[in-house]
Amino acid sequence: MKMKNKNKESKLLEKILEMFSDTKIGEIMTSPVIVVTPETSIKQVKNIMKIKKISGLPVVKKGLKIEGIISIEDIINVLEKGNLKDPVMKWMTEEVKVLNEEDTLADFIQISKKYNFGRYPVINDEKKVIGIVTKYDIISWLFKKLGTIYIHDNRREKILDQEYISKLTDEILDDKKISFKFEIDYNDIQKIGIGATKLKSFLKNKSIDEKLIRKISISTYEAEANVVIHSNSYGEIYCWIFEDNIRLLIKDYGKGIENVELAMQEGFSTASEDVRSQGFGAGMGLPNMKRFSDKMTIISEKGKGVIIEMLFYKD
């Protein structure tokens with residue numbers, strides 16, 4: 001499947017090069033661009049990203065000269081290890097590759113293949129930041145040009161195309177028979193619990209026993225919180241309703257758990273003080289999931305995410 005996706009991307013890039021390779025980046029970039037200074041606090045950046053629904057900002061000094069990039073990944077790191085009052089300069093990425101507005105789509109493809117960054121500030125001949133361009137901008141622009149709406153997210157394709165063999169029962173959990181699915185937004189800690197709430201409503205509509213719904217809701221909430229606080233990655237909640245049980249699968253593709261045995265201990269937490277001050281990260285997530293589910297298994301590898309499967313018997 002990986003090879004299939006790579007072939008799709010290669011063919012798409014070839015078409016772009018053939019049809020629009022001479023197009024100027026200045027015609028495609030997002031402009032004007034929202035920027036922050038090195039002295040801006042991380043909390044302010046977080047609020048800007050939330051309000052504007054963006055995941056990265058150029059950091060500029062006087063005269064709009066580029067100093068760095070601050071992204072949602074950096075914000076997550078701050079939540080875990082730092083303080084929201086910290087200035088951007090402490091957490092920004094200083095290695096930034098820029099494009100000139102006169103550069104072409106072919107230049108973008110070349111630099112993307114070499115560095116694979118998520119976003120590139122665009123400057124003019126005076127070295128001033130005047131825009132920003134991402135792969136999504138390019139793809140959206142291209143298909144808009146062709147009169148086609150296209151939404152590309154290779155990560156979701158990976159999820160949808162994968163089969164999962166239950167580690168609890170050895171049966172195949174079929175993607176096509178999923179009863180409930182929810183995408184976890186890891187960019188906003190305040191959205192923790194939305195997935196659990198939606199699942200609770202869904203189960204109520206299916207006339208599932210209320211006590212069982214409560215156990216499932218608590219377990220789902222804890223798993224959802226762990227994805228947002230610890231994974232630094234998007235995640236998904238899957239639910240299957242079988243004749244005699246309900247199955248939950250919560251997946252992320254983030255940092256993984258280094259020591260599962262330690263993480264299972266009540267009160268153990270790697271969450272920062274700032275995260276705890278917001279009412280999360282008490283170290284009861286995995287213990288509560290184990291307590292309220294009838295069976296539970298965790299698959300985790302450092303740098304490759306976490307898969308938690310839970311089984312709840314109906315009787």
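Student: What counts as a salt bridge here?

Tutor: A salt bridge is a side-chain nitrogen of Lys or Arg lying within 4 Å of a carboxyl oxygen of Asp or Glu. In this structure, lysine 90 forms a salt bridge with aspartate 86, and their closest N and O atoms are 3.7 Å apart. Keep in mind that this is a predicted model, in which local features need pLDDT of at least 70, side-chain atom pairs count only at pLDDT 80 or more, and totals for chains, interfaces and linings use all residues. Residues are numbered from 1 along each chain as its sequence is written, and side-chain values use heavy atoms, with hydrogens and water left out.

Student: Is lysine 90 buried or exposed, and is aspartate 86 buried or exposed?

Tutor: Buried means under 20% relative accessible area, exposed means over 50%, and partly exposed is in between, using a 1.4 Å probe and protein chains only. Lysine 90 is exposed, with a relative accessible area of 54%, whereas aspartate 86 is buried, at 11%.

Student: How many salt bridges does the structure hold, and which residue does lysine 24 pair with?

Tutor: The structure holds seven salt bridges. In one of them, lysine 24 pairs with glutamate 102, the closest N and O atoms being 3.8 Å apart. This pair links distant parts of the chain, 78 residues apart, with lysine 24 in the loop between helix H1 (2–20) and helix H2 (25–28), and glutamate 102 in the loop between strand E3 (99–100) and helix H5 (105–115). Helices (H or I, at least four residues) and strands (E, at least two) are DSSP runs, numbered from the N terminus. Lysine 24 counts as partly exposed at 33% relative accessibility, and glutamate 102 likewise counts as partly exposed, at 45%.

Student: Where do glutamate 171 and arginine 247 lie?

Tutor: The side chains of glutamate 171 and arginine 247 meet in a salt bridge of 2.6 Å, N to O. Glutamate 171 lies in the loop between strand E6 (164–165) and strand E7 (172–173), and arginine 247 in strand E10 (residues 245–252), so the pair ties together parts that are 76 residues apart in sequence. Glutamate 171 is partly exposed at 29% relative accessibility, while arginine 247 is buried at 0%. Salt bridges that share partners join Glu171, Arg247 and Glu309 into one network.

Student: How many residues has helix H9?

Tutor: The expected span of a helix is 1.5 Å times one less than its number of residues. Helix H9 (residues 210–231) has 22 residues and reaches 30 Å from its first C-alpha to its last, close to the 32 Å expected. Just after H9, asparagine 232 takes a positive phi of about 60°.
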